[in-house]
Structure formats: C-alpha cells, structure tokens
Amino acid sequence: MKHNDIDFNNKTILITGGAGFIGSNIAFYLQDNYPNANIIIFDCFRNNKLLLNGNLISYGHYKNLIGFKGQVVCGNINNKDDLLFLDKYKFDYIFHQAAISDTRAYNQEMVMRTNVNSFHDLLEIAKKNQSTMIYASSAATYGRLPAPQVVGNESPENPYGYSKLLMDQIASRFALENPNMTIVGLRFFNVYGPGEFYKAKTSSMIIQLGHQILDNTPPALFENSNQILRDFVYIEDVIQANILACTPKRNGTYNVGTGVSRSFQDVADILQAELDTNLKTKYFPNPYDGYQLNTQADITLTKENLNYVPNFSLEKGIRNYLSEIKNLYGEDIL
C-alpha cells in the first residue's frame with residue numbers, strides 16, 4: 001500500500017540505521033513499492049560492545065536486511081571519514097534513524113556525540129544535496145509528563161530523551177535558516193512489529209510476552225498493570241508517518257502514535273486470546289521509581305500537517321504481528 005503520491009523511483013535515498021527495526025522496514029517499503037529507487041543503507045551493525053547497563057550499543061542486524069537489493073554501507077555516524085564515503089551520492093531523501101536509542105543509556109557523552117553532534121553533520125549533507133530530511137525523534141522527550149503528550153511541552157528524564165529534544169531544537173533552527181528545505185522530526189511512541197526481534201532486551205513487551213506465552217509460561221507484568229498505559233503504535237503506521245512526512249504542509253516535529261492509551265494488561269490478554277491460552281498472569285513489583293504511568297500521543301497536528309491517520313488498533317497490530325512472533329520463537333538472538 002502506497003502512503004502518498006511521491007514517486008520514489010529513480011530517487012536516491014539514504015537510510016541511516018537502516019539495518020535496525022524502523023530503518024529496515026522503511027527500506028523494504030520503498031523497495032517493494034518503488035523497485036527503481038536507489039536505496040543506500042548506512043549502519044554500523046551490531047558488535048560486542050555494550051553499554052554500562054549490559055545492553056548492546058548498536059542493534060543493526062544483517063538478518064533484518066535479507067532480501068534487500070539496494071546498497072549497504074557499514075559506517076558509523078560518529079566517524080567523519082565514514083560519512084565522507086556518502087559524498088559520492090546525491091540524496092533526494094534522507095531517513096535518519098541511526099541513534100543510541102536505549103532510554104537507560106546513561107553515558108551522557110556517548111549519547112550526545114552519537115545523537116546530537118552527528119545530526120549537525122547529516123543536516124549539512126541534506127543541505128548540500130537539497131535533500132528532504134526525515135529524522136527520528138522520540139516520545140522520551142516528554143519524560144513523565146501527564147497524558148496526552150503535546151509537542152511544545154517536554155521534560156526529558158534521561159540522556160536519550162534530552163538528546164532527541166536537542167535534535168528537535170537543532171532541526172527547528174536549521175529549517176528557519178534554510179526555508180527551502182523540508183525537515184520533519186517524528187516522535188515515535190511505543191513502536192512494535194516485525195523487525196524488532198534483534199533489539200533483544202529493548203524489544204517491545206509484545207514480542208517478549210508473546211514468547212513467554214509460547215513457552216507455556218504465564219506472562220509476567222508489573223503489579224497494577226491494568227493501570228499502566230502506553231500508546232502502542234504498529235510499525236506499518238510508523239512507516240506511513242515517515243512517508244507522509246516527505247510532503248508535509250509545514251516543517252516541524254510531530255507525534256507518531258495511535259492517540260489511544262492501552263494497558264499492559266490489555267497486551268497480555270490480547271496475546272493470550274490470539275494464542276488461545278489461559279495461563280493467567282504473573283505479577284511482580286515494579287522496580288523503577290517514578291515510572292511513567294500513561295503515554296498517549298496528541299496526534300492532532302500530525303493529522304493536520306502530515307495527513308496521518310493510524311490504521312492499526314492494538315488488537316489489529318498484534319494479530320498482524322502474530323506469525324512473526326511465532327516464527328521467531330526459539331530463534332537465536334545473535
């Protein structure tokens with residue numbers, strides 16, 4: 001299904017972080033719908049380097065790209081020599097997804113260098129090429145603010161969220177200085193769907209709970225999970241937002257969610273219904289102080305300026321995702 005009237009055929013498109021969850025999905029959408037598009041993926045791919053919290057620094061995985069027919073460049077957005085390799089191309093569109101995206105990454109210097117400093121370099125590449133720039137912001141910019149979360153009212157609680165807020169501010173200034181450019185930031189809420197498996201422990205609770213249930217284990221949730229709410233957005237709607245953002249009514253930063261909050265308990269119950277199990281639920285105390293209890297994207301401006309309308313309820317998204325959840329059960333995360 002095509003999401004707007006742009007013909008990406010014979011256009012040159014850069015996807016940073018293209019071996020990751022969202023980046024690889026954008027790549028396949030473009031490849032499937034515009035077979036003559038020239039798609040270049042730039043990703044540092046995963047290695048054995050870990051954050052202090054034990055999670056991987058990079059989640060790019062070659063298995064996310066099996067079947068991709070475009071060009072793949074292994075490079076790091078922090079490395080100016082790697083970025084120089086991109087000078088041989090003239091990009092029409094840039095989808096910038098590369099980042100340290102772990103909300104519990106507390107090495108502030110690493111997060112800022114990777115997410116903020118490199119953004120200046122990529123914006124300069126976009127300016128030089130007169131590329132349309134679509135970049136990943138995040139709902140983490142809102143921190144623990146009450147729902148619904150509205151662009152313009154932010155209070156990040158971690159380095160990742162703060163780095164994304166800085167990116168939004170940089171983009172806003174850059175767009176004002178370069179009024180002929182298209183620059184749009186997308187604040188993703190809780191994204192789930194095919195392609196996230198290799199994010200390991202930072203993949204969505206939907207695939208993690210699904211695999212617990214397939215293991216014949218009661219899904220494990222925090223106590224009072226019927227009162228913990230998130231705006232879960234299916235990957236197909238995230239792709240839609242990225243494509244629509246290429247022709248915005250105006251530049252800006254926009255929330256990408258469903259506009260509806262659903263509880264953690266809803267997720268477990270829908271999965272059990274779809275998998276035809278009745279394992280009850282195992283509850284344990286929430287170990288996190290000051291845990292965000294409700295995220296809900298205000299998508300008023302996203303609808304108005306991007307013509308974005310989410311198509312997937314939580315039930316429909318999980319149903320659509322179920323075959324991959326089953327196929328990856330027992331798969332080696334490496």
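These legends go with several close-up views of a predicted model. Local features need pLDDT of at least 70 and side-chain atom pairs pLDDT 80 or more, while totals for chains, interfaces and linings use all residues. Residues are numbered from 1 along each chain as its sequence is written, and side-chain values use heavy atoms, with hydrogens and water left out.

**View 1. The whole protein, to get your bearings.** The protein has nine helices and 13 strands; helices (H or I, at least four residues) and strands (E, at least two) are DSSP runs, numbered from the N terminus. The C-alpha trace spans about 55 × 40 × 40 Å along its principal axes. Of the 334 residues, 54% count as buried, meaning under 20% relative accessible area with a 1.4 Å probe and protein chains only; exposed means over 50%, and partly exposed lies in between.

**View 2. Ser138 at the end of a strand.** Look for Ser138 in strand β5 (residues 132–138). Ser138 is buried, with a relative accessible area of 7%. A polar atom of the Ser138 side chain lies 2.9 Å from the backbone nitrogen of Ala140. Leaving aside neighbours within four places in sequence, Ser138 touches Tyr160, Lys164, Leu186, Arg187 and Phe188, where contact means heavy atoms within 4.5 Å.

View 3. Pro148 sits in the loop between β5 and α4 (159–177). For comparison, most peptide bonds are trans.

**View 4. Two residues with positive phi in one loop.** Asp276 is in the loop between α7 (264–275) and β13 (282–284), and Lys280 is found in the loop between α7 and β13 too. Neither is a glycine, yet phi is positive: about 55° for Asp276 and about 60° for Lys280. Asp276 counts as exposed at 72% relative accessibility, and Lys280 counts as exposed at 58%.

**View 5. Inside the second largest pocket.** About 350 Å³ of space lies here, a volume being the space filled by probe spheres set on grid points joined across faces, edges and corners. Of its 20 lining residues, the closest to the centre are Asn25, Phe28, Pro194, Gly195 and Glu324. A pocket is an open set of points on a 1 Å grid over the protein atoms alone, where a 1.4 Å probe fits, with protein on both sides within 12 Å along at least five of seven lines; lining residues have an atom within 4 Å of a point. Helix α1 gives the most to this lining, with six residues.

Note on methods
A polar contact is a pair of N or O atoms within 3.5 Å; within protein, one must be able to donate a hydrogen and the other to accept it, and residues adjacent in sequence count only if both atoms are side-chain atoms.
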